[in-house]
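Q: Can you walk me through this one? I'd like to start with the charges.

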Amino acid sequence: MAKFASLIGSQDFSGAVKLLDAEIDQTTASYVAALHRLVQLHINRGICNQRLQLNRKALKVRVPTA
């Protein structure tokens, strides 16, 4: 942010706005990528948890002996 401070110090507000816009766009892209990753992780966790529960239920089923 030293460049931002330099731009503000020289009263180059249009340059400061462009710099901030670029940072906002980059941060937004990173946030969206992280959000997609988080959603995928939750989906995968849900699938694994569902399979785990099904396996536990299958282990509880007893085969009747004659």
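Q: How far apart are the mean positions of the positive and negative charges of the protein chain?
A: They are 36 Å apart. The chain has 9 positive and 4 negative charges. Keep in mind that this is a predicted model.

Q: OK, and how many helices and strands are there?
A: Two helices and zero strands. Helix α1 covers residues 2-9. Helix α2 covers residues 13-60.

Q: What box do the C-alpha atoms fill?
A: Roughly 90 × 15 × 10 Å, along the principal axes. The radius of gyration is 26 Å, while a compact globule of 66 residues would have one near 11 Å.

Q: What share of the residues counts as buried?
A: 6% of the 66 residues. The chain exposes about 6100 Å², and 62% of that comes from carbon and sulfur atoms.

Q: Which residues make the nonpolar surface patch?
A: Tyr31, Val32, Leu35, Leu38, Val39, Leu41, Ile43 and Ile47. The patch is about 700 Å².

Q: Take Leu38. Where is it found?
A: Leu38 is in helix α2.

Q: New topic. What is the phi of Gln11?
A: It is positive, about 60 degrees, although Gln11 is not a glycine. Most residues other than glycine have a negative phi.

Q: Where does Gln11 lie?
A: In the loop between α1 and α2.

Q: Is Gln11 buried or exposed?
A: Exposed, because its relative accessibility is 60%. The cut-off for exposed is over 50%.

Note on methods. Residues numbered from 1 in each chain as written. Predicted model: local features only at pLDDT ≥ 70, side-chain atom pairs only at ≥ 80, totals over all residues. Heavy atoms only, no water. Patch = residues over 30% accessible without salt bridge, like charges linked within 9 Å, V, L, I, M, F, W, Y side chains within 5 Å. Areas by Shrake-Rupley, 256 points an atom, 1.4 Å probe, with all protein chains shown as cover. Salt bridge = Lys/Arg side-chain N within 4 Å of Asp/Glu carboxyl O. Helix = DSSP H or I, 4+ residues; strand = E, 2+ residues; numbered from the N terminus. Rg over C-alpha atoms; globule rule 2.2 N^0.38 Å. Buried < 20%, exposed > 50% of the residue type's maximum accessible area, 1.4 Å probe, protein only. Lys, Arg positive; Asp, Glu negative; His and termini not counted. Charge placed at Lys NZ, Arg CZ, Asp CG, Glu CD.
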